[in-house]
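Please read it alongside the model.

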Amino acid sequence: MTQVMKGVRVLEVAQYTFVPAAGAILADWGADVLKIEHPERGDNQRGFVNIGGVRVNPRRSPFIEHPNRGKRSVGIDISRPEGMEIIYELAKHSDVFLTNYRPSQRQRMRFDIEHIRAANPKIIYARGSAYGDKGPERDIGGYDGTAFWNRSGIATSMTPAELSGPLSQGIPAFGDSIGGMNIAGGICAALFHRDRTGEALELDVSLLSTAWWAAGTSIDMGIDGGEVTRNRMPKSGGNPGNPFMGNYTTSDGGTINLCTLTPGPHIRSVFEHLGLPEAADDERFSSAESLMANWEAASDMIRDQFAKQPFDYWREQLKTMTGQWAPVLDILQIADDEQALANDMLFEVESCDGGEPIRLVRGPVQFNHAAVETTRAPEVSEHTEIVLMEMGVDWDRIEALKELGAIA
């Protein structure tokens, strides 16, 4: 893989997934990412044993691997002055400082922007937060389940009005991973700007702003028109006004999603692939206008047709249809999706427990069609001595810092 960030060093003082996911993307792209962790317990997320109701082996945790692959772990107790001195020395040799600690924590522990910039005036200072670095709630923490999913309006829009309450977020670290990609992109832009102008920027990405961008079309429409978009209760059939859009149930309980936004050019192809060639000549359905006017009758025909054959039949049958569609898959099914695998959407890293390699999802950007090549997430403090010696710290000082408990 082309290492577009080779030569860039990122100093990451962050935990959980949101901001560390940005470090993982940059590591995938070739950056040297130093993950600063508590010398004994490490990132708090290392202690998670139950994610979304699923048991996790701490020695083989995809929840750690996803946002931390490719990094080096340096065990430093940042609550100690001696530990912070090492942070400042590392900052002198780094291009980016990356954090998700709250403002009061950064000030108290002396790694806010003025303290890091005192060590390195040219460093890019990147912050991730729940609600942004300005305003009355800048010091309130949060997770993607609070700031991204619920407060943003996404939970409400995803929940059919008939239900008694909003749907909960069904995917762990959903907004975290999206937000991490946003931070990584912002860092690249800031580095480009510094290279062009010499100016070092500070940048902010919040989970709330990530959600607002992801839901931007609906938010913009709501503000302009005064209406809230809402999901509908699931059923087999077409969407109001367009029977070529909607979820249809197959004979064995699978689901095919039709998503032909502009049906006119595809009327004959869709009906022929569904085994309803005569419908394309029916004046009720032969034009986009008539099809939309008579969408309920067309939806009933299509629903009945899908119900005659199993899911795998329709996946094969619709391959040459010109209208847009997709099989509805679950998380396990997509791991074997031929198209996804052809585009290298999974890669492998070794496991700390010595077992089979762990398969991980690559970031959404691919350079020169190349697959990701990176290393597993580090164990706690795995690279402390190596990194400090690279920086010129002598062994006597390393031993002294260990005795103080400032490093591990």
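Phe 285 has a relative accessible area of 0%, so Phe 285 is buried (under 20%; exposed is over 50%, partly exposed in between; 1.4 Å probe, protein chains only). The model is predicted: local features need pLDDT of at least 70, side-chain atom pairs count only at pLDDT 80 or more, and totals for chains, interfaces and linings use all residues. Residues are numbered from 1 along each chain as its sequence is written, and side-chain values use heavy atoms, with hydrogens and water left out.

Rings of Phe, Tyr and Trp (its six-membered ring) pair if their centres lie within 6.5 Å; planes under 30 degrees apart are stacked, over 60 edge-to-face, the rest tilted. The count by this rule is 13 aromatic pairs. Two of them are tabulated here.

| Pair | Centre to centre | Plane angle | Class |
|---|---|---|---|
| Phe 148 and Phe 174 | 5.7 Å | 70° | edge-to-face |
| Phe 271 and Phe 285 | 6.0 Å | 45° | tilted |

Phe 148 lies in helix α6 and Phe 174 in helix α8 (residues 174–197), 26 residues apart. Helices are DSSP runs (H or I, at least four residues), as are strands (E, at least two), numbered from the N terminus. Phe 148 is buried at 2% relative accessibility; Phe 174 is partly exposed at 31%.

Ring pairs also link Tyr 16, Phe 48, Phe 63 and Tyr 143 into a cluster.

Asp 133 sits in the loop between β7 (124–129) and α6 (144–150). Asp 133 is buried, at 16% relative accessibility.
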